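Please look through the model below with its strands and helices in view. The paragraphs that follow take them in turn, beginning with a strand and its neighbours.

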Amino acid sequence: MSTGLRFALLGPVRGWRGETELDLGAPQQRAVLALLLLREGETVSLDELVDTLWGDRAPGSARAIARTYLSRLRGVLHSGADEDRVIRSSGGGYAISLGAVGVDWVSFCGLVREAQAMRAGGNPAEAADLLRNALRLWRGTPLGGARGDYIDQERTRLAQHRVAALEERLALELELGQHAEVNEELAAAVAAEPMRERLRELQMIALYRSGRQAEALSAYDGVRRLLATELGIDPGGGLRELHQRILRADPGLAATTRCPVATLPTGRPPAQLPAAPLGFVGREAELAAIENTLRPTGGTPVVAITGLGGMGKSALAVQTAHAMRHRFPDGQIYADLGTSSGRPTAPAAVLGSFLRSFGVPEERLPTSLEERVALWRTVLADQRVLIVLDDASDANQVLPLLPAAPGCAAIVTTWRHLIDLSGVRWFRLDALPRDDALEMLARLAGHRRVLEERRAAVELVDLCSHQPLAVRVAADLLQARPHWTVRQVGRRLEDDLYRPAGGNDDCALIEAPLLLAQSRLGAQQATAFRLAALPDYGELVADSAAALLDLPRPQAHRLLESLVEAHLLLAGPYGTYRYHSLVQAFARRQAWTREGVERCEAALSRLMRFHAQRPTATAALPMA
């Protein structure tokens, strides 16, 4: 039941009961209210309130002051009938029930989600309208009038969401042929966010389509100089490719009104790609190679990306697909095939979704898989469509979904090499180089914060083994704890990931792909994966692995190679193998837990005897 209360966070922090504005008090009191509203009904402890207001500078009376702010807010927000319905005490903390109040931030997020669904359903005009309505909710700098380290961090986060929604709306309007109309707004947006490369791309496209090629090239030169001066980096691959396409007057850049024969009722081709991943960095060689493979050649190219979970396979696929959308004007189709969830989607169900997205009514959908495959190939005839198949389990799931028409292409991500997929160009994805991992951390957590503690930031990404998922989790920790130093976050992750009894939600998120990969191993493989991680060397060889596992050398060698195929071990030169440090720490903990102390100690004893008898073998003492 509504209380008639509504709040604004997308500008100055304000509140109303009906048409009467409420006095929300001092900046720190407004910060308490903002935190409760941003948690969207979740309980906030008193300690979290203290951290929000003062960080590590909290006075001795901080808890009492925080309670005073809560009491004053309750006095302002609660009427007699609303007692304990707005700010609720719950489990030692406090929460605001969003069902009882209206918040502009919640409305904004809901409109953005609706817009994304509309775009996925091939309705760009409706999506643009929804985003336009969402952006109208903003009234200036978010969380104005509230004060605190956490509030500053949240202010930045909310502002980034606004810019992302603006970028999406402007991109949609460019798709709709409104390049002349958006030029002025793009110029203002670029002036406000000069380092947002996506905005620069949109501005260059709009200028080029408006017959202003020289200005489009000048815009590129401006951002190139800015990035070199401020950050010492070059523009990303998307901007560089767009610059080259403008230089050669690529016909694919021109605005087009071309529509496919089989299409949605709105006349628009399906555009189902998820949003480009925030903070994506690096992978230039892979991006260039995949784009080159998928260039129209008269055939139907297919690219497959494989690697350990958390290495960014899906992110690379989506990033590449967005960069190549202009080459596939008849649609971009996306399907999550569900392997990692343990519930792989049947190809017949996926084909039903694909066909509906091209306007085939439900009553005309064939029932058999074979008939759906035939209809799918008919729909794609003479079309240029890009298909992204994410998280595939096996070739039987993928083959019915692949296009057969020249001009179409597909990108597949999968955890293993699918030998039954012939004619596919495979890309094996590993961890990022250190500099790229550091740049990802900076983009997600803030360049200033990373530059101020660069050495600690380098140590942090090293702890993450430069794995994109782990770096994202580290960045989330930094954002969620603005009063922590980078070094403190590094110590937290080290305790969670490298100690025998680590484990919290952050640790679980990072280790989820490793647990899944381990679950796919046979019993002997799993034992080898765990025990081979016990020694503290940098590299492993088949001879020492044979001693450790108490197996003949050929069998040990086959097991090591099978772990390489499962992406849990890295093959090096001269028959050597090694783990990523993050994977090794996980495998060690699993060894002591699942193999048991007696078996682990026996394995290490065998290895010590092996080294004592062969002093020239791979040098290192086993880890105790």
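How many of the residues of strand 10 are buried? The model is a predicted one, in which local features need pLDDT of at least 70 and side-chain atom pairs count only at pLDDT 80 or more, while totals for chains, interfaces and linings use all residues. Residues are numbered from 1 along each chain as its sequence is written, and side-chain values use heavy atoms, with hydrogens and water left out.

Strand 10 is mostly covered, with 7 of its 7 residues buried, where buried stands for under 20% relative accessible area, exposed for over 50% and partly exposed for what lies in between, with a 1.4 Å probe and protein chains only. Helices (H or I, at least four residues) and strands (E, at least two) are DSSP runs numbered from the N terminus, and two strands are said to pair if DSSP finds at least two bridges between them. Strand 9 runs parallel to strand 10 and is joined to it by 5 bridges, with aspartate 390 in strand 10 as the bridge partner of aspartate 336. Strand 10 also pairs with strand 11 in the parallel sense over 5 bridges, and here valine 388 has isoleucine 411 in strand 11 as its bridge partner.

Strand 10 (386-392) is also one of the elements against which the buried residues of helix 12 pack, and helix 11 is another; contact here means heavy atoms within 4.5 Å. Those buried residues of helix 12 (residues 313-323) include Leu316, Val318 and Thr320. Within helix 11 (residues 284-293) lies glutamate 291, which is buried with a relative accessible area of 8%. Leaving aside residues up to four places away in sequence, glutamate 291 touches Glu241, Thr320, Ala323, Met324 and Arg327.

A separate topic is the open sheet of 4 strands, whose order is 3-2-1-7 with mixed pairing. Its edge strands, each pairing on one side only, are strand 3 (20-21) and strand 7 (101-103). Strand 1 (residues 5-8) runs parallel to strand 7 and is joined to it by 3 bridges, with leucine 5 opposite valine 101 in strand 7.
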